[in-house]
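Please look at the structure below. A short report on its two chains follows it.

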Amino acid sequence: MASKNSLIVTFIIFIGMFASCDNSLDAFDERGLYSVHGYLGIFKESNYIRIKELRSPLVPDSTRAIDATVTLQNLRTGESEILQDSVVQFDDIYTHNFRTTLDIVLETTYRLMVERSDGHTLKATATMPPFIAQTKIMPTGGNCLTYIKVTFIPVKDRKLIRSFVGFSYKKRMYWVSWPEARDADTKFTYLYFRPQTVLERTPFSIACGDLDTDSLYIKYYHYGPDYFDDTVDDTLRVPGGAGEFGGLYQKIVSFHIDTSHIFD
Amino acid sequence: MNYFFSIFYILSVCVLCIVVMPVRAEAQGDASLRVLVISEDDGNPIPGANVLLFSYDEKQQKEEIAYAGATNNDGLQEFNSVVSGEYRLVVRFIGYKTHQERVNLEKGELKVLKVTLSLGVETLDNIYIEAERDVTVGEVGLRKISAIDIGKIPTPGAGDLVSYLQTLPGVITSGDRGGQLFIRGGTPFQNMILVDNLPVIKPFHISNMFSAFPQEAVQSVDMYAGGFGAKYLGRTSAVIDVTLRPGNMKRYVSSASLGTHLLSLHLEGPVETDKKSFFIFGRKSLMEQTIPPITGNDAEIGFYDIIARYSFRSNNVSCNITGLRTYDRGQISRYRDIDLTWSNTVMGGRCLAYHEIFKEPVEFTIGYTDFRNSENPLDGMGLSAGISQIYFNFDHRFEMLGKIFNYGIGTRFVKYTAELNERFTQIQSFLERQGIVDAYVSTEWELNEHFVIQSSLGSQMSLANIPTLEPRLRISYRPDVNDDQEISLAAGRYYQIETGITDQRDAGTVFTVIRSGYGKITSNYKKPLQNALHLLLGYNNNIGNHWDLNIGVYAKKYISIPVSKWSPVATVNIETALANGLAYGFDALIEYNKNPFQFFMTYGWSKVRYKADSGNLGAWIKAPVFEFSPAHDRRHKFNVVANYQFSGFKASVSWGYGSGKPFTQIFGFDLSVNIPTRYPTTDPGTARTLYSRPYGERLPDYHRLDISLEKSFQINPQWSIKAEVGAINVYNRSNIFYFDANTLQRINQTPLMPFISIKTQFN
């Protein structure tokens with residue numbers, strides 16, 4: 001009987017040892033600080049960058065205030081600015097969009113720093129494109145079935161250009177994303193499309209003659225050279241955080257086509 | 001490790017060739033004897049009975065054993081190539097009186113004998129212990145499970161196969177809900193589950209304590225954690241082969257049970273005494289009604305299962321017609337408004353003909369299996385998927401060059417369906433059909449009194465796949481000639497034509513899409529079929545009369561496993577990429593059986609690693625190849641189960657420990673803006689939860705103590721009552737199931753849950 005009792009006691013002690021083990025769970029990755037969504041645009045008077053604390057759930061109480069000091073610095077001149085928060089409420093969620101009025105100029109790198117009160121800091125950089133691309137549109141004066149080539153000179157890395165073909169229909173502007181290619185001879189990035197095909201990509205059937213005007217538009221974003229560095233997936237372009245931050249400029253050019261001809 | 005496997009693959013093929021190649025026929029006779037052993041008590045076959053043929057040795061002037069064997073699950077033992085002459089046939093099984101008779105076998109004769117054993121004086125428990133001792137060959141990777149084994153685990157209502165399986169090393173569940181078993185690194189859909197030779201897809205209930213196989217309905221179970229022979233084709237990890245109990249051929253037996261968890265009813269009896277019987281067993285969960293008042297938590301789960309059998313037996317043939325229906329419904333997490341359902345419908349028959357007109361016994365199986373499952377969010381469109389199949393199998397054997405070859409041919413006509421909504425961009429709703437043909441051949445080669453080699457070769461093919469080639473090998477070495485010690489090795493190649501896809505990142509759902517597997521040949525690309533290589537080494541020692549020791553090491557290499565594609569954003573995802581996996585480890589089991597005390601203790605160490613191309617996987621990992629431990633990689637598992645009988649009571653204790661399994665942390669909550677086309681001040685953005693590195697952290701350890709106490713009361717010879725009380729998670733450990741990224745809730749497993757049940761039985 002004594003041996004049986006000691007067996008039971010041993011078993012209970014054994015289980016008690018395990019029962020005292022740590023049972024807590026840290027469900028969050030400590031490395032996650034902030035998400036950053038925004039860009040520095042060259043032709044804009046002011047730029048807004050959305051900052052969000054990653055550990056804050058998307059509920060009103062958690063999003064009302066943010067523990068972040070946001071600084072933008074021009075790494076060429078050393079000039080820096082502490083960005084001001086402008087809170088915009090969507091439904092019951094508060095978003096914190098930090099505004100900068102710093103001059104954004106070509107071929108310059110800017111560093112964004114988001115610092116938490118405990119000293120943890122997220123850093124991201126954005127380098128502006130080194131030049132403003134020239135657009136060459138060929139041929140001119142074509143009609144809706146004419147293939148049109150728009151070349152971005154001298155952009156050789158086609159992933160740095162993202163372009164859309166636009167038109168006005170019933171007083172609204174529509175933009176259709178169009179894939180870029182690289183010219184085998186010049187190595188420049190270009191778009192190649194037929195206006196009628198662009199119109200067919202819209203959810204409603206539009207004939208060329210239905211357009212408000214005879215103008216077509218090319219809207220394109222020219223990204224800075226480091227915009228896609230160190231990233232695999234576009235949701236994590238900010239090391240140590242999440243989101244997307246970079247430098248670019250946006251331009252829109254227009255050209256005319258003959259929309260008077262009715263095609264069967 | 002590739003090199004390691006390659007060597008064994010080549011070795012196994014070589015050995016197979018050696019075995020199949022013409023060999024010198026040993027000096028053997030040409031008579032055959034089939035012995036069918038029946039219990040006088042219920043008229044049913046007795047599996048595991050010892051059948052011995054003694055001959056008289058003129059030189060030594062004494063009798064010696066000429067042939068010996070143990071009956072299979074059909075109660076049949078067959079001796080082939082018996083030298084003609086006179087023998088003394090002895091059939092014995094503990095708990096029954098030994099049967100003896102003289103048998104005279106003429107040259108070329110094939111004789112069928114039916115032997116009926118009457119009950120002896122031993123108790124039922126002794127039957128089990130001694131029977132297993134005689135029958136078990138300790139084959140590596142194999143665990144033979146009896147109904148009495150199943151009853152050792154404290155389970156509300158009665159013992160259940162799935163509760164027992166979870167005490168074995170190498171068997172992992174995703175938690176206490178979901179009905180998913182991971183066996184030695186394999187995923188649930190890589191396991192083959194057979195009930196009387198009929199495949200069933202997911203017979204495990206949403207509460208992991210219960211399955212469609214309660215103790216009362218099970219006769220025996222063979223669980224191969226790997227290294228199984230080519231008779232089992234179509235799965236790459238493990239086999240759970242369940243043999244159900246036939247109905248009583250002598251008298252009617254009925255029982256009813258009511259408890260905190262289950263209501264069950266059971267009826268069996270003869271349709272025609274000693275020839276035909278029926279067996280019906282049904283259970284329904286009461287947990288939805290009874291658990292909330294006990295634990296204070298909702299239990300949004302419910303299930304039922306029904307087993308119906310009709311058995312027919314004559315002197316020359318035995319048939320079982322089996323029907324199985326299960327249905328499960330409920331939520332894995334009470335914080336998620338997702339209703340899950342699944343159901344199995346199995347109908348089929350299996351006949352074994354051993355008439356003298358057949359030179360060798362012939363076995364036919366024909367059946368229909370259907371599995372449906374669905375996921376229904378309360379606020380959105382539901383998903384559903386399933387598989388239906390009709391199949392026919394034929395098993396036979398032939399003698400060639402003095403050796404017996406078992407072979408079988410099977411064919412399946414399968415329909416896969418899925419109705420998915422727009423969330424799944426790559427996998428659309430589909431209906432696929434395909435026919436699959438498989439075949440195997442196997443043989444045994446007794447090199448000498450110590451070594452036995454069993455080799456088999458199987459192949460599967462469909463119109464979409466080239467035929468597979470699946471050599472498999474088992475070697476056993478018995479240093480003492482008898483069954484006391486055995487060292488055995490198993491190796492083989494395993495293919496799987498169809499695949500089950502579950503988003504294993506999200507433990508809150510077990511919705512599975514089944515479809516014909518990879519391997520389709522397109523004009524310019526061929527994906528490899530899901531396949532595996534197994535290598536197992538085991539040591540079994542029956543120490544004295546009461547101790548058993550089993551030690552095993554294993555390695556399984558899985559190739560082309562479909563795994564959920566990763567994205568940093570937490571959404572339901574059943575798009576898959578192909579990964580390769582390696583599972584290896586060792587385990588030990590020690591068992592003690594001597595009334596009134598029985599216990600067993602198991603320990604398993606294992607490691608499972610998956611490797612996939614980062615690009616295909618969709619991970620945001622910079623390295624080109626991403627290596628990770630999947631969610632079922634539990635490193636340590638330890639279980640103790642004990643039973644003690646005293647003063648008419650039976651006390652049962654089960655304690656289990658498992659080290660933490662991998663999980664994926666949350667990186668954060670974001671409100672993303674699609675820049676540069678959208679702008680932060682005007683666009684609200686898209687709410688999303690971001691995952692961190694896949695399976696980068698581990699959950700806390702798991703451990704739980706369950707107890708039960710039961711007592712039977714014999715009211716009169718025909719009526720007995722059994723009462724049981726017990727508790728699950730006695731010390732109320734908050735064992736984590738998973739962390740739900742969608743609701744940000746820690747989901748714990750079963751808290752302290754007392755249970756009670758009462759069962760009445762009429763004979």
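**Chain A overall**

This is a predicted model. Chain A holds three helices and 16 strands. Its radius of gyration is 28 Å. The globule rule gives 18 Å for 264 residues, and the value for chain A is well over that, so the chain is more spread out than a compact globule. The C-alpha trace spans about 105 × 50 × 45 Å along the principal axes of chain A. Of the 264 residues in chain A, 31% are buried. Among contacts in chain A with a separation of 6 or more, 64% come from residues 24 or more positions apart.

**The eight-stranded sheet**

Chain A contains an open sheet of eight strands. The strand order is 5-6-2-1-16-15-11-12, and the pairing is mixed. Which strands stand at the edges? They are strand 5 (84–90) and strand 12 (172–178) of chain A. Each has a single partner strand, so one side of each is left without a neighbour in the sheet. On average, neighbouring strands of this sheet are turned by 30° against each other, direction ignored.

One bridge pairs Phe90(A) with Ile93(A), which belongs to strand 6 of chain A.

**A buried leucine**

Leu122(A) sits in strand 8 (residues 121–127) of chain A. Is Leu122(A) buried or exposed? It is buried, because 25 other C-beta atoms lie within 10 Å and the cut-off for burial is 20 or more. Leu122(A) and Ile257(A) are 135 residues apart along the chain, and their C-alpha atoms are separated by 49 Å.

**Backbone features**

| Site | Feature | Value |
|---|---|---|
| Ile153(A) to Pro154(A) | cis peptide bond | omega near 5° |
| Asn595(B) to Pro596(B) | cis peptide bond | omega near 10° |
| Lys187(A) | positive phi, not a glycine | phi about 70° |
| Ser560(B) | positive phi, not a glycine | phi near 60° |

Pro154(A) is in the loop between strand 10 (148–153) and strand 11 (161–169) of chain A. Pro596(B) is in the loop between strand 32 (576–594) and strand 33 (597–613) of chain B.

Lys187(A) is in the loop between strand 13 (181–182) and strand 14 (189–193) of chain A. Lys187(A) is exposed, because it has 12 other C-beta atoms within 10 Å and 12 or fewer counts as exposed. Ser560(B) is in strand 31 (residues 547–564) of chain B. With 21 C-beta neighbours inside 10 Å, Ser560(B) is buried.

Definitions and conventions
Residues numbered from 1 in each chain as written. Chains lettered and ligands numbered in written order. Predicted model: local features only at pLDDT ≥ 70, side-chain atom pairs only at ≥ 80, totals over all residues. Pairing = 2+ DSSP bridges. Helix = DSSP H or I, 4+ residues; strand = E, 2+ residues; numbered from the N terminus. Axes fitted to C-alpha atoms, helices over the stretch in contact; angles between N-to-C directions. Rg over C-alpha atoms; globule rule 2.2 N^0.38 Å. Contact = placed C-beta atoms within 7 Å.
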